[in-house]
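Please consider the model shown here. The paragraphs below lead through selected features of its surface, its helix packing and its charged pairs.

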Amino acid sequence: MKNPFKSYSKIIGKVNPSKKKGLGTFGGVFTPSILTILGVIMYLRFGWVVGNVGLIGTLIIVTVSVSITFLTALSIAAIATDQRVKGGGAYYMISRSLGIEVGGAVGIPLFIALALSVALYTVGFAESIVSVFPNLDFKTVGLVTTIGVASLAIISAKIAIRAQYFIMFGIVLSLLSLFFGSPIEETNIEMWGAADRHSESFWIVFAVFFPAVTGIMAGVNMSGDLKDPAKSIPKGTFAAVGVGYLIYMTLPIILANRADAISLIEDPMIMRRISYWGDAILIGVWGATLSSAVGSILGAPRVLQALAKDRVLPDWLGKGSGEDDSPRIATFFTLGIALIAVFFGNLNIIAPILTMFFLTTYGVLNAAAGLEKILDSPSFRPTFKVHWIFSLLGTLGCIAVMFLINALATAMAFVFVIVIFLWLQKRRMKTAFGDVRMGIWMTLVRKGLLNLRKEKEAKTWRPNPLVLSGAPTSRWHLIDFAAAISHDRGILTVATVLTGRPISHERRKKIEDNIQDFLEKHDTLGFASVISASDAYQGASEFVKYYGLGTVTPNTVILGDSENEGSRQKYADMITHFHELNRNVIIIANDDKKGFGDRNQIDIWWGGVKGNGGLLLILGHLLKGSRSWRDTKVTVKIMVDNVNSAKDAKRNLSSIIARLRIDAELEIIVSKGRSFDEVLHNSSKDADMVLLGLAEPDENFMEYYKKMQQLIAPLPTTILVRAADEVSFREVLL
């Protein structure tokens, strides 16, 4: 018997993760993460933290910071075990969950934060070097060091990664030396910082410390270089968070026992003085700062490369070199940003900026994981399961801490992200991957449909136009009118009925896609639908009857005038059918030469609020409120028999028009023995659009419609309107 699974193995291929080249959990995630966590802030600013807020304040800062990091690590683990995480780390995760626009809006600030991180660590290295060798120039050391770590990353990322193990040994040695050290002075443990001098506020200190625990990004950003990201990212990240928390909760006790608050604040190298072997601290701080700088200079270009490959940024930034697709151009670009930051910045300025960008990234990562879980899409099947409440707490925690640190800086960070998002959205970027947005909209649509009341409410009425356009490219005026009255608020559908032999689903879908693209090019929001029928009129009638979902159905049918005398009866029967379905009917008799003219004048021939009158006024109001008809003049015209009637009509109707709050002028025309046809043609010959009411369809509707066509033939573009009986447009107006 043949193996029934043989064909499937050919389709999916043989998967053997163990044979894939790449970094493991320890070397690829844990080591770079813990080296970045135990970095420049720990060696050069942790004493300052303890001195300013005391032992209890420091333990609170560490716990709150690590809690946010831990919640984010949970979200990262959920996303990483659900999808194949490629290069770009956090940006890749966010863009594949929340879409390219959100991913780019967060990915660009994330790249900036990582590039500034290089400066943070090299500035820290320079600060420690100058404290030992005072004759050296601080900025020169920082710039040379930045160029050095960037050169190492460009020459060989593998050498930089292997060097981490030696640096790890140096950090362990420095911590042991600190543990076995002794106090430099007699001191009491100060629980709340320096009492006899002005100390920095709790949240300012928090902002300076927080970058210390953002090291989890170092492992995540190397996602494209890992052998098994789904396995390594969660394990390595949790291990680094746990070890880092243990160390950061122990060190404040040691520092508070060995020096007073003033010494801790004023001496950045206080650890060297209280250690058993002071030079071991130098080994640790130099190793930690350099390894963290290398980690950032490896991570930032890979985020930039991922952004470029997704065409968020220019393609040339994403070009790789060698077998491992090393992002050398992106590395040079990152180096330029880091050098500028080193030249102008210092630790206390750079750290809070990083805090804002990292908190933004963390917040969005948590939001992505939470939304995926809430929506419960069949495609979201992480092996590491996290309840959405933890992701929500992570998001809220990030936002709350950002505002507590600096509300103005938080607002600026949000504005920065929103501007990038709107810029990317305007570009209408297309991607080959899906995201969670469809699930979000589906959930909202479902909830909305189930909660919509079945009875019609006049006060909430708005047109949901269904345009029977035929070929949209040649009858754009129908769609233009529909878009003008819907204001991108109603649901616009453009429908085409194809006659002849039935077409395939693929062919129909392709035509719909072409119409959809045509609408997008004209900045029109709507749906496209293509049906096939043996008879166009019968097909249109059936489509209008059944199209819609629940209580959301097109309430206004827009179509062109009938030009074929042979099919006029079918056309009239179709209009009658639409009216029987309680649909408003709008027929546009287009002036092929002038179209909508200059869009300066709309004439509405009115017979009162009842019947078609209410809908005619609403259409005039909606047209004037649209962008394309904004400067038009709307005139409501009424014909009366004599001057006395004109005075009475003007007095009564002026107050009605004012009460209806319609931006329109009233014109009373005395017939002076002329017929309505003559008055209509003479008064509206220079208008750009004329709106007239249609009689209710009956058994003689075809003959009536034929006369209407003769009546409007000399006029500019004319809109014939028949209001449905279902909605009282008088109530809509009032």
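What follows is an account of a predicted model, beginning at the surface.

A nonpolar surface patch is formed by Val172, Leu176, Phe179, Phe180, Tyr276, Trp277 and Ile283, which together have about 790 Å² of accessible area. Helix H8 (residues 157–179) makes the greatest contribution to this patch, with 3 residues. Trp277 is placed in the loop between helix H13 (270–274) and helix H14 (278–309), and its relative accessible area of 43% makes Trp277 partly exposed.

Helix packing comes next. Helix H6 (residues 100–132) and helix H7 (residues 138–155) have axes that come within 8 Å and cross at roughly 130°. H6 and H7 are therefore oblique to each other, and H6 passes H7 in a right-handed crossing.

The charged pairs complete the picture, with a count of 12 salt bridges. One of them joins the side chains of Glu127 and Arg45, at 3.0 Å from N to O. Because Glu127 lies in helix H6 and Arg45 in the loop between helix H3 (40–44) and helix H4 (46–80), the pair ties together parts that are 82 residues apart in sequence. Glu127 and Arg45 are both buried.

In the salt bridge between Arg311 and Asp315, the closest N and O atoms are 2.7 Å apart. Arg311 counts as exposed at 52% relative accessibility, whereas Asp315, at 41%, is partly exposed.

Asp480 and Arg599 also form a salt bridge, their closest N and O atoms lying 2.6 Å apart. Asp480 belongs to helix H20 (residues 476–486) and Arg599 to the loop between strand S5 (584–589) and strand S6 (601–605), so this pair ties together parts 119 residues apart in sequence. With 13% relative accessibility, Asp480 counts as buried.

Methods
Residues numbered from 1 in each chain as written. Predicted model: local features only at pLDDT ≥ 70, side-chain atom pairs only at ≥ 80, totals over all residues. Heavy atoms only, no water. Patch = residues over 30% accessible without salt bridge, like charges linked within 9 Å, V, L, I, M, F, W, Y side chains within 5 Å. Areas by Shrake-Rupley, 256 points an atom, 1.4 Å probe, with all protein chains shown as cover. Salt bridge = Lys/Arg side-chain N within 4 Å of Asp/Glu carboxyl O. Helix = DSSP H or I, 4+ residues; strand = E, 2+ residues; numbered from the N terminus. Buried < 20%, exposed > 50% of the residue type's maximum accessible area, 1.4 Å probe, protein only. Axes fitted to C-alpha atoms, helices over the stretch in contact; angles between N-to-C directions. Parallel < 35°, antiparallel > 145°, perpendicular 65-115°, else oblique. Left-handed = near helix turned anticlockwise from the far one by under 90°.
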